[in-house]
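Student: I would like to go through some labels and the criteria behind them. Please set each value against its definition.

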Amino acid sequence: MAILKVSIFQKNLTEGLNLSLHKKLAALKSDFLVFPEYFAVDGSIKDHRSLADRTKFALDWLGKLSEAYKGVIIGGTVIREVDGQYFNAMPVFYEGQLVDWYHKRYLTDNESPVLTPGQEPGIFILGGHRFGVLICADVLKPEYVTELAQQDVRLIFTVMNSPYKDESVDEKHARDEKLYCGPAREQGLTIIKCCSAGNIFGRRLQGRSLAVTPSGISWRVAPDEEEKEILKTVVLNA
């Protein structure tokens, strides 16, 4: 097994993107840097259509970061237009280049009226690692995780906007067991979950980022840090 360093950026969406953040992330020494779903949102973005106007800026920002950061960037998500259709799309960057895209396949109720679901699994081989990607509600489809495992993927990145729920810590941990720990244990997977914090489209979020291996939770955001911006590098055997 190889030692893998993954930097999980639980980003506060109200903070925007700026030069000081760029410098901090560029200095990281890790194999992967993971952003959350819709990472380029800020307080001025009110809906998916207005978020689409931010896509070029977000991609340029990630491209410049990828020129300095030496690992693979799992670029959260942006709204991507293809032939008049709009997708919740994840860009993957490496060595200053946009390598490819993954389109979210299982859309939420607020996405379905304006976005088109993707059709293909997201599987990449970069930096000597084979990995798969999922976007938010995709994890509610266990067949998507199984599909990746059946194609010899053992490392999966999930990027999220997790809406706030009034629930106990035990209830949260039970959901982690169902969606992450159980599949990781049963199928020999390492799963990284990167959440956003703050608000999106007027909705409050909870940052519940974590890292799971077949043997259990390697790291998980503490309950009192779910509304905080956190940058955490975890070291894993993967």
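Student: How do helix H1 and helix H3 pack, and what are the angle and axes here?

Tutor: Helix H1 (residues 19-26) and helix H3 (residues 55-68) pack at about 35°, with their axes 9 Å apart. Axes are lines fitted to C-alpha atoms, for helices over the stretch in contact, and angles run from 0 to 180 degrees between N-to-C directions. Helices are DSSP runs of H or I with at least four residues, strands are runs of E with at least two, and both are numbered from the N terminus. This is a predicted model in which local features need pLDDT of at least 70, side-chain atom pairs count only at pLDDT 80 or more, and totals for chains, interfaces and linings use all residues. Residues are numbered from 1 along each chain as its sequence is written, and side-chain values use heavy atoms, with hydrogens and water left out.

Student: Which residues make the contact between H1 and H3?

Tutor: Leu21, His22, Leu25 and Ala26 of H1 meet Trp61, Lys64, Leu65 and Ala68 of H3, where contact means heavy atoms within 4.5 Å.

Student: Why is cysteine 181 called buried?

Tutor: Buried means under 20% relative accessible area, exposed over 50%, and partly exposed in between (1.4 Å probe, protein chains only). Cysteine 181 has 8% relative accessibility, so it counts as buried. Cysteine 195 is at 0%, and therefore also counts as buried.

Student: Why is the pair of phenylalanine 131 and phenylalanine 157 called edge-to-face?

Tutor: Rings of Phe, Tyr and Trp (its six-membered ring) pair if their centres lie within 6.5 Å; planes under 30 degrees apart are stacked, over 60 edge-to-face, and the rest tilted. For phenylalanine 131 and phenylalanine 157 the centres are 5.6 Å apart and the planes at 85°, so the pair is edge-to-face. Phenylalanine 131 lies in strand E8 (residues 129-135) and phenylalanine 157 in strand E9 (residues 155-160), so the pair ties together parts 26 residues apart in sequence.

Student: How many aromatic pairs does a search of the whole structure find?

Tutor: The search finds eight. Among them, phenylalanine 35 and phenylalanine 39 form a tilted pair, 5.1 Å centre to centre with 55° between the planes.
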